[in-house]
Amino acid sequence: MAKKKGKGPKGQKSGSRDDPAWARTDVIEREHMHNERLEKYYKMQDILPDDEWDSFLETMKNPLPTTFRVAGSRQTARLLNDTIKDVHVPHLGGVVFEGEAVSPPQQIPWYPEGLAWQFNVAKRVVRKSPEFKKFHSFLVFETEVGNISRQEAVSMLPPLFLEVEPHHRVIDMCAAPGSKTAQLLEALHAHDTITSSSIPSGLLIANDSEYKRTHLLIHQSSRLPSPALMVTNLDASIFPAIKIPSEQTTFPAHTKARVAAKRQYQLMFDRILCDVPCSGDGTMRKNPGIWKHWSPMDGNGLHSLQLRILQRAMRMLKKGGRIVYSTCSLNPVENEAVVAAALKSIPGFELIDMSNHLPGLIYRPGLTSWRPTVSKEINTEFATYEDYVQSLDEAQRGSSKMLKSHWPPSTDEAQKLGLSRCFRIYPHLQDTGGFFIAILQKKPPGPAKTAAATGTSSFSESKRYAEAVDGLETSDVKKPKLDNDAQADTPNDLQAEIADEVDEELPEEVVEEPSAPMDVDKPISASASEPKIRFKKGRTAEGASAHFKENPYTFITPDDPIITACKDNFDLNADFPSSNTLVRNPVGDTVRSLYMVNDIVKSVIEHNDYARIRLMTAGTKVFGKQEGTEAKREGTETHFRVLAEGLPVVLPFIGPKAIVHADFAALKILMEAYYPLTSGFADPFRSMIEAKPNGSYVVRFQPGQLGAATLTHELVLPIWKSNVSLTLMLDKRAKSALSLRVFGEDITTIAREASAKKKQREQAAAAEVSVEEKDDHESTEQRGIGEDNA
């Protein structure tokens, strides 16, 4: 969900992981779930009919049901979804706990292909019911390996409205913790198969302003490794221009020579997700502490930041592209007010009607009128911004953080903007959290029209209007040259033509300092809210590239000895993209991992300073150095193994020399032991593997049946062969998840060891109880003898 900013009690960041009200679900009892200001404010906004108000409030006090989404490539997701539907749900269908029937999981009606589920079961049932306990273990293991995403239902919506395709260039501007990013990656990889991954031509940049959260983002996205992924750590409201080489080969006849000769352009995006920081009152069902400290001034304070993020996204969007703006807030000041102000400030955009996109989704249309409050006491007496300003003296006007854009547009203007096309999701409608979604589109290219023909003002006049919209923050600080500025000196009759055919020219590199977290309880002046910009040789922003300590990105040549060795060991075919392989170690250090990226990611890395764009990671690891004693004895430089996370990406290029076929029984042996001896396998697998030199191989396990277990589809996994043994190159949790999925139980060594330790603890505890009982008995007897002697 979107993240809440600002300060809470004792200077803590409200909404941060340090805030107990957000971290716990038992902070407040149901009878104390009441906030007079919240109820008064939202009744003033007329967000719901009176007959729905009580139902809305009661639902807000109920815990959220558990929801999850089957993740991964479409084919893999469908297979796992069938397992849930055909195996687990029937097993949970007749569960009775403490005399009451418990409902099994149900598919969320609006999610495509039924790949999302919901169940409302108390924690004590999950802990004590054997059936649900087993299902819970299944969910935990599959979540850890990335096949299931524990995600709130409404959080799944924004990526669905973006309709990402594999060729799209996409940016998630406020991406952490990464559940929506994972959905976007899955859409980019729509052509993946069960065993191998495609290399999409598109791109996904997942950005977050908080450094620590980007590592969570990297962890989440690693569950679906992609050569098309980049993670950056930047302030979304001042996201810098990213350079790419010119992709234009033909130009309109009247294009200026300097434009045609331009070698670099700004990377423009087909799809942008703005799930912006917000006050988060739509999350009260999982964060009940918000009942205690909710204030309408939270939304007022965040409005400016939210607007700047959306405006920056609009300036990075291609014509015909789409932006989804979303919050987990119900406050119109954070929702419709931001959308209206953005549409008024930057011409050429429209809200699109996607009301029929997800049949089964119940929602309410966006508001066209609202009454902002100018104080914590819910003072909504000012119908317009002008009325409010007139009530202030000069000193108050300078310190007020209220802007004209906090107020709604006129009725006619709201209708023209199409604010009713926004989506409002209320908790009582389908037992979810609260959410807001708006889908904006940059109007597609059309026939060029001159100002004389249309009767409109010139482009330069339009640009001046955009900078002078009432209520938008301005200051005397020199502004960075953005993509729309670059076109200002182009004649108007060529402007539309060039814009339709060529991406906007690259603006001059100006890197702004990240803006500090906004204190929503303190007034801010207009000038203070503007990002600070340094126009200095070197173009280095404080807190950006000057303090960026991540390792560099170095592409290695196709004839590098490491690449040559990998090509030989894995029989890589001529289509393997050797030139798209990079390393991430400082110069002179030993290479331990090889990463693969697609063409557009390579282009971005080569034409931009990785520290300036604060690039945290790019692409996916495909090969790793084997560090064992045996590998050292044979020569470290040539002993690289294919990594489980990168196997789906490189599998299409691996030749038959590095592939071994095995049956279901061989998989069971590899699962049950860490280092099973090659002599313990049956032929023909034993003969094939013993004949091969030591090293890394890929095993294709064929479908089959072994006792009650069935392998329904081919399974492809990496192994390492030593002198007399084999190792299945999966981490322990991934092994356990695979075992549960295939064999219906955890047959791994670690599971047996854990079970044995548990049994030992239970026996020790029972023995201790027995000793205590014996001591008590002896003590009682001694007291009895003493009493008799007395």
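1. Aspartate 571 sits in the loop between helix α22 (561-569) and strand β19 (581-583). In this predicted model, aspartate 571 has a positive phi of about 55° although it is not a glycine. The residue counts as partly exposed because its relative accessibility is 28%, and the partly exposed class lies between the limits of 20% for buried and 50% for exposed.

2. A second residue of this kind is glutamate 163, which has a positive phi of about 50° and is likewise not a glycine. Glutamate 163 belongs to the loop that lies between α7 (157-162) and β7. With a relative accessible area of 35%, glutamate 163 is therefore partly exposed. As background to these two points, most residues other than glycine have a negative phi, and most peptide bonds are trans.

3. Two peptide bonds deserve attention when the backbone is inspected. The bond from alanine 176 to proline 177 is cis, with omega near 10°. Proline 177 is placed in the loop between β7 (169-172) and α8 (179-188). The bond from aspartate 683 to proline 684 is also cis, with omega near 10°. Here the proline, residue 684, is found in the loop between α26 (664-672) and α27 (685-690).

4. Proline 177 may also be viewed together with histidine 219. These two residues are 42 positions apart in sequence, and their C-alpha atoms are 9.1 Å apart in space. Histidine 219 is part of helix α9 (residues 211-221). Its relative accessibility is 44%, so histidine 219 counts as partly exposed.

5. Strand β13 (residues 317-327) is mostly covered, as eight of its 11 residues are buried. Strand β13 pairs in the parallel sense with strand β12 (residues 269-275), over six bridges. Six bridges also join β13 to strand β17 (residues 435-442), and this pair runs antiparallel.

6. A separate topic is the open sheet of four strands, whose order is β4-β5-β1-β6 and whose pairing is antiparallel. The edge strands are β4 (106-107) and β6 (148-150), each of which pairs on one side only. Strand β1 (residues 66-70) is joined to β6 by three bridges in the antiparallel sense. Within this pairing, arginine 69 has serine 149 of β6 as its bridge partner.

7. On the surface, a patch of positive charge is formed by Lys133, Lys732, Lys757, Lys758 and Arg761. Which helix gives the most to the positive patch? Helix α29 (residues 749-789) does, with three residues. Lysine 732, another member of the patch, is placed in helix α28 (residues 732-743).

8. Why does lysine 732 count as partly exposed? Its relative accessibility is 47%, and a residue must be over 50% to be called exposed.

Note on methods
Residues are numbered from 1 along each chain as its sequence is written. This is a predicted model: local features need pLDDT of at least 70, side-chain atom pairs count only at pLDDT 80 or more; totals for chains, interfaces and linings use all residues. Side-chain values use heavy atoms; hydrogens and water are left out. Patches are made of residues with over 30% relative accessible area and no salt bridge: like charges are joined within 9 Å, nonpolar side chains (Val, Leu, Ile, Met, Phe, Trp, Tyr) within 5 Å. Accessible areas come from the Shrake-Rupley method with a 1.4 Å probe; for residues, only the protein chains shown count as cover. A salt bridge is a side-chain nitrogen of Lys or Arg within 4 Å of a carboxyl oxygen of Asp or Glu. Lys and Arg count as positive and Asp and Glu as negative; His and the chain ends are not counted. The place of a charge is taken as NZ of Lys, CZ of Arg, CG of Asp or CD of Glu. Helices (H or I, at least four residues) and strands (E, at least two) are DSSP runs, numbered from the N terminus. Buried means under 20% relative accessible area, exposed over 50%, partly exposed in between (1.4 Å probe, protein chains only). Two strands pair if DSSP finds at least two bridges between them.
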